[in-house]
Amino acid sequence: MVVLNPGPIEVGGIRLKNHLILAAGILGSTGASLARILRYGAGGVVTKSIGPAPMVGHPGPCLVVLEDGIINAMGLPNPSAAFMEELNVLQGEPVIASIFGGTPEEFRTVAGWFTGRVSGIELNLSCPHAEGYGAAIGSNPDLVEECTRAVASPGVPTWVKLTPNVTDITEIGLAAERGGADAIVAINTLKAMRISTSLRRPVLGNRYGGLSGRAIFPVAVRCVYDLYEACSIPIIGCGGVSTADNVIEMMMAGASAVEIGSAVIHDTRIFASIAGDLYSSDGLDAREVVGCAHV
Amino acid sequence: MVVLNPGPIEVGGIRLKNHLILAAGILGSTGASLARILRYGAGGVVTKSIGPAPMVGHPGPCLVVLEDGIINAMGLPNPSAAFMEELNVLQGEPVIASIFGGTPEEFRTVAGWFTGRVSGIELNLSCPHAEGYGAAIGSNPDLVEECTRAVASPGVPTWVKLTPNVTDITEIGLAAERGGADAIVAINTLKAMRISTSLRRPVLGNRYGGLSGRAIFPVAVRCVYDLYEACSIPIIGCGGVSTADNVIEMMMAGASAVEIGSAVIHDTRIFASIAGDLYSSDGLDAREVVGCAHV
Amino acid sequence: MYEEMPIGVSITRIVEETPSIRTFYFDHEISARPGQFVMVWVPGVDEIPMALSSSSSITVQKVGDATAALFAMGEGDVMGIRGPYGNGFSAGGRTLAIAGGVGATPLLPLAESGQVEVFLLGARTASEVVFADRIRRVARLMVATDDGTAGHQGFVTELVSRVDLEGFDRICVCGPEVMMAAVLRILERAGCAGRGEFSLQRYMKCGVGLCGSCCIDPHGLRVCRDGPVFPGTVLLDSEFGRYARDASGRRQRV
Amino acid sequence: MYEEMPIGVSITRIVEETPSIRTFYFDHEISARPGQFVMVWVPGVDEIPMALSSSSSITVQKVGDATAALFAMGEGDVMGIRGPYGNGFSAGGRTLAIAGGVGATPLLPLAESGQVEVFLLGARTASEVVFADRIRRVARLMVATDDGTAGHQGFVTELVSRVDLEGFDRICVCGPEVMMAAVLRILERAGCAGRGEFSLQRYMKCGVGLCGSCCIDPHGLRVCRDGPVFPGTVLLDSEFGRYARDASGRRQRV
Ligand SMILES: Cc1cc2nc3c(=O)[nH]c(=O)nc-3n(C[C@H](O)[C@H](O)[C@H](O)COP(=O)(O)OP(=O)(O)OC[C@H]3O[C@@H](n4cnc5c(N)ncnc54)[C@H](O)[C@@H]3O)c2cc1C
Ligand SMILES: Cc1cc2nc3c(=O)[nH]c(=O)nc-3n(C[C@H](O)[C@H](O)[C@H](O)COP(=O)(O)OP(=O)(O)OC[C@H]3O[C@@H](n4cnc5c(N)ncnc54)[C@H](O)[C@@H]3O)c2cc1C
Ligand SMILES: Cc1cc2nc3c(=O)[nH]c(=O)nc-3n(C[C@H](O)[C@H](O)[C@H](O)COP(=O)(O)O)c2cc1C
Ligand SMILES: Cc1cc2nc3c(=O)[nH]c(=O)nc-3n(C[C@H](O)[C@H](O)[C@H](O)COP(=O)(O)O)c2cc1C
Ligand code: FES
Ligand code: FES
């Protein structure tokens with residue numbers, strides 16, 4: 001297996017301890033939880049998505065574990081501005097605030113709360129199961145560009161997280177780039193549903209949800225590959241990553257770093273264990289690996 | 001588990017021996033192979049997609065088996081009109097001809113070859129890895145409507161198979177309906193890619209391919225559910241079905257029958273074994289089940 | 001991973017334990033360790049965490065929407081169950097159980113499997129004392145009620161002074177958080193917080209350790225996965241007894 | 001299912017067996033039954049089915065694009081391998097092997113595992129006879145060449161009359177289809193088609209029994225999965241020896 005040189009890296013304006021980042025919405029609701037994941041080996045962490053007003057999320061069931069993936073419809077529960085106190089225990093750590101809003105103005109407001117208190121901002125333009133938010137905006141290139149522009153400014157590293165539930169993801173990636181994004185995160189979950197045959201109704205309280213985990217890895221690799229051909233800003237690969245070899249595969253597709261979500265279900269220390277396989281002092285420089293599958 | 005009454009059914013103008021249909025492109029290249037699958041319990045079979053001119057398909061690798069799915073980029077290999085002789089051994093059997101073309105005119109031509117020789121026609125407007133064909137047309141509602149109209153006519157039951165690689169699949173389903181389709185088949189494969197980390201290049205000869213099998217089942221259920229809300233013609237569920245309970249789940253989402261592809265890799269007799277679990281003389285009428293999860 | 005879709009279970013029998021607490025028996029056996037919990041899906045309403053009061057029952061106090069909807073269900077009605085989840089109580093040793101109200105639920109299977117020697121049970125009033133007869137059959141039961149209508153008048157915590165803590169290898173506790181926090185203080189003073197096992201309740205959404213809504217400060221432990229049972233030592237100097245997060249993730253005093 | 005991504009193997013040694021046939025040794029052991037095959041990925045060109053001539057080698061005749069690209073590769077170059085696939089030869093019994101040209105490949109591991117008593121080997125000319133030395137070490141070898149430059153002058157089928165078919169429990173055959181069809185006719189006449197095991201070649205795309213490109217008439221059997229080895233009785237009255245389908249699925253005479 002290809003292995004990489006260890007050591008801190010910088011991607012899209014953000015300094016990370018390694019290439020492995022905790023994805024948004026996974027154990028990201030409290031400062032203590034984020035600190036735990038950093039302690040357990042993550043190179044950086046993304047918070048739960050925070051919006052302009054507190055939300056309690058969708059009625060349950062909110063998440064179901066499948067054989068090869070997970071479907072969830074949390075509904076973006078978040079305490080809004082009250083989340084700021086969670087950051088107290090994370091001073092100086094590589095924390096990326098995931099934010100969402102219904103308008104460019106709302107994005108700007110929420111981003112403002114975080115400015116100066118986190119390493120960067122990730123725009124959630126991609127949650128597939130929150131009406132008026134996330135993918136509702138994220139499948140419209142003009143809105144993506146506007147929301148990105150409302151947040152991106154010098155000194156505020158801005159990442160934009162894309163939905164794969166569009167006909168052409170590169171169109172959205174290019175819109176984020178035009179809006180001033182420092183990096184693209186691909187992908188959020190695939191719009192999906194399971195039905196309980198014994199209860200004869202969709203199993204998620206919200207009916208629709210997002211599919212994540214191993215099942216979506218081939219779709220995520222394809223999206224990263226597409227975006228690498230189309231865009232010139234760095235890409236953070238996300239979706240179904242669960243081994244060091246998956247990380248290398250994402251990087252060969254064009255990712256400069258990866259986010260890991262669902263795989264945390266197996267082990268909160270998965271970042272350290274992947275890092276153990278991924279890094280070695282005689283490893284390659286990541287620059288030799290990123291995008292090398294574009295032959 | 002919910003079980004169904006056995007017996008022949010009619011869906012979208014086509015009479016089938018049961019609800020379980022062999023999906024296009026799976027063991028559908030020869031008449032003898034299709035006859036074998038019928039002998040082994042399928043209620044109907046769809047042929048490999050046949051186009052206006054012979055094609056040899058993409059260079060290999062054309063297919064890779066993953067832990068929870070399959071990626072393929074066959075590239076629509078087909079002998080074109082020469083395929084007609086394969087039908088000789090299938091006289092009177094429930095055979096659906098899958099066809100493709102680059103224009104409505106080509107669709108009409110190919111459909112013409114089959115008219116009167118098969119139970120119905122399925123338009124492949126959804127293959128994600130053949131330039132100028134399949135999803136290239138199938139993500140444009142106007143072209144979908146035109147191609148469907150070019151084929152659909154009284155006495156020619158016409159099914160239209162949709163791609164999930166669009167922002168809104170219901171838009172495409174409605175276009176097929178306007179074009180005169182008798183049924184919608186959902187879904188074809190998800191656009192996907194895997195990279196060989198040891199060879200440092202995409203593993204499929206065509207680089208891109210389509211993901212099928214268990215991994216895509218939650219996406220397929222979601223598409224069927226969406227289409228059932230939007231359209232009024234019957235839906236054939238396809239994508240990741242591998243158990244009788246999956247069949248029931250697809251039907252509860254709104255499918256009147258299902259197509260099964262990748263699961264054949266486990267067992268060519270899977271149709272008989274699913275039917276064994278699915279049917280019982282004290283089972284429900286399918287009408288009680290189809291769409292019942294829309295609460 | 002294996003598929004963990006909720007299984008549909010039919011309610012076979014409903015027992016009114018107290019005016020506010022009912023036990024719902026269903027037609028499935030769930031093999032779980034005492035102290036593990038399940039996610040109970042009340043169709044069309046919500047999904048909520050519940051301890052198992054036996055391998056085929058949950059015992060529920062009506063407190064809000066989902067529990068009220070459960071109370072509106074009758075025999076033959078169907079709900080969804082996924083799990084069991086969480087760690088459950090540790091195995092073995094001489095055991096003291098301390099329960100407040102419906103908190104007796106996870107402790108009942110522990111007692112009925114013969115693992116509890118002494119069971120201290122608190123309730124508001126006599127009619128709200130749950131499982132007393134069943135517990136008496138398998139353990140020495142001591143009851144306390146706030147109004148003195150049964151057993152000792154006062155808090156269940158006051159019963160603790162009547163037992164010899166030294167004689168127990170573990171002290172399993174479940175009830176309202178203020179009561180559990182009081183027990184923890186007693187154990188700490190007695191120098192045996194490490195033998196205390198506290199079954200916590202926090203707002204849960206996923207139940208499998210992914211979403212983060214049940215995490216407790218300062219270690220970021222997940223009640224649904226690292227718990228719900230924690231040793232007292234882990235809870236000292238934690239948010240326990242002080243605050244918890246609501247459905248949006250905001251902190252609220254307990 | 002488990003993931004069957006092609007593994008990358010490095011070529012460690014290339015042996016020129018004949019002017020048109022080379023053996024490529026690689027740095028991986030593939031545990032397979034004799035007669036199973038692998039899909040060989042020549043990066044940037046194509047993926048083609050190949051028998052294993054040992055657990056870490058393939059033996060290739062240059063016939064077109066992909067095999068030519070293989071011939072252009074050197075030590076240290078990397079190719080992809082997935083498999084093994086297919087059924088392989090049956091187990092055991094006194095065995096006669098009959099090979100034509102590069103068709104000796106799947107029969108070599110059978111012989112080298114001590115399972116072949118007599119090995120009939122045909123080739124166009126002396127320089128195209130493969131594996132003769134290795135086979136001679138483990139079995140009684142009889143050679144035929146079209147031009148008589150080695151062994152019997154004529155077709156390998158003519159050697160069959162020199163052995164006592166009755167003495168063999170199985171007769172394993174691999175070579176050009178016209179040659180195999182001729183052997184089948186001989187076995188049929190001798191009343192022992194059922195003891196013949198023929199390793200077929202058909203155009204393959206998936207290798208795992210899904211795509212249908214390798215299916216043979218009239219039973220619709222898949223050469224990649226139900227084969228590549230079929231008993232002679234299954235091939236009587238089949239397309240075998242008459243036609244095969246090309247990459248587009250069109251029938252072509254063989
Ligand atoms: C591991 C675990 C095991 C549990 N076991 C049982 C049990 O065996 N029997 C039982 O009756 N209850 C049990 N609970 C508590 C039960 O989950 C809540 O009472 C239930 O979620 C309330 O749902 P609701 O919709 O009826 O109330 P809501 O309308 O959601 O809220 C009503 C009131 O209940 C409080 N509440 C809501 N959720 C919780 C919660 N998770 N924990 C504590 N209080 C909550 C709210 O703050 C509010 O004051 C358990 C909780 C956990 C975490
Ligand atoms: C199970 C199996 C095992 C095989 N084992 C070996 C082996 O050990 N050594 C070896 O040299 N070859 C073997 N072959 C044949 C080998 O796969 C073909 O020679 C190869 O695919 C040709 O690829 P190409 O791109 O070089 O030729 P192409 O350019 O594709 O074609 C060149 C010529 O080869 C013929 N051809 C193409 N594909 C096949 C095929 N699948 N079977 C037969 N002829 C074909 C074509 O009809 C054409 O005449 C095997 C085939 C099968 C099905
Ligand atoms: C329980 C859960 C909650 C999530 N919450 C968020 C969120 O708040 N914001 C967001 O941008 N993505 C959210 N996601 C998506 C993940 O960040 C990630 O994009 C997706 O799960 C794919 O990665 P994975 O396969 O590694 O999990 C959530 C995913 C899960 C499973
Ligand atoms: C090897 C292979 C070949 C396929 N060929 C076709 C085809 O020719 N035409 C078509 O419409 N769909 C084709 N498909 C898609 C399937 O018909 C089906 O839509 C898809 O695989 C999802 O169903 P499944 O998960 O049950 O396989 C092919 C799929 C596979 C795996
Ligand atoms: S409820 Fe989701 S992590 Fe505990
Ligand atoms: S090569 Fe695909 S079925 Fe045999």
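These are my notebook entries on a predicted model with chains lettered from A.

**Ground rules**

I number residues from 1 along each chain as its sequence is written, and I letter chains from A and number ligands from 1 in the order in which they are written. Because this is a predicted model, I take local features only at pLDDT of at least 70 and side-chain atom pairs only at pLDDT 80 or more, while totals for chains, interfaces and linings use all residues; side-chain values use heavy atoms, with hydrogens and water left out.

**Entry 1: chain C as a whole**

I started with the secondary structure and found five helices and 17 strands in chain C. Here helices (H or I, at least four residues) and strands (E, at least two) are DSSP runs, numbered from the N terminus.

Along the principal axes, the C-alpha atoms of chain C fill a box of roughly 45 × 40 × 30 Å.

How much of chain C is buried? I noted 59% of the 254 residues. Buried means under 20% relative accessible area, exposed means over 50%, and partly exposed lies in between (1.4 Å probe, protein chains only).

I also checked contacts, meaning heavy atoms within 4.5 Å. Of the contacts in chain C between residues at least 6 apart in sequence, 57% join residues at least 24 apart.

For charges, I listed 25 positive and 29 negative side chains in chain C, and the centres of the two sets lie 4 Å apart. Lys and Arg count as positive, Asp and Glu as negative, and His and the chain ends are not counted. I placed each charge at NZ of Lys, CZ of Arg, CG of Asp or CD of Glu.

**Entry 2: records from UniProt**

UniProt, in an unreviewed entry, lists residues 4-91 of chain C as "domain: FAD-binding FR-type". I found this span to be 8% helix and 52% strand, with its end C-alpha atoms 26 Å apart.

UniProt also places an "active site" at A:Cys127, again from an unreviewed entry. Such annotations may be inferred rather than shown by experiment; feature names are shortened and positions follow the numbering used here. I found A:Cys127 in the loop between strand 8 (120-124) and helix 3 (135-138) of chain A. Is A:Cys127 buried or exposed? A:Cys127 is buried, as its relative accessible area is 6%.

**Entry 3: a loop residue in chain C**

C:Glu166 sits in the loop between strand 10 (152-153) and strand 11 (170-174). I noted C:Glu166 as exposed because its relative accessible area is 56%. Leaving out residues up to four places away in sequence, C:Glu166 touches C:Ala190 and C:Arg195.

Most residues other than glycine have a negative phi, and most peptide bonds are trans. I went looking for exceptions.

- C:Asp217 and C:Pro218 are joined by a cis peptide bond, with omega about 0 degrees; C:Pro218 is in the loop between strand 13 (215-216) and strand 14 (221-222) of chain C.
- D:Gly83 and D:Pro84 are joined by a cis peptide bond too, with omega about 5 degrees; D:Pro84 lies in strand 6 (residues 78-85) of chain D.
- A:Ser80 has a positive phi, near 60 degrees, and counts as buried at 4% relative accessibility.
- D:Phe131 has a positive phi of about 65 degrees, and counts as buried at 5% relative accessibility.
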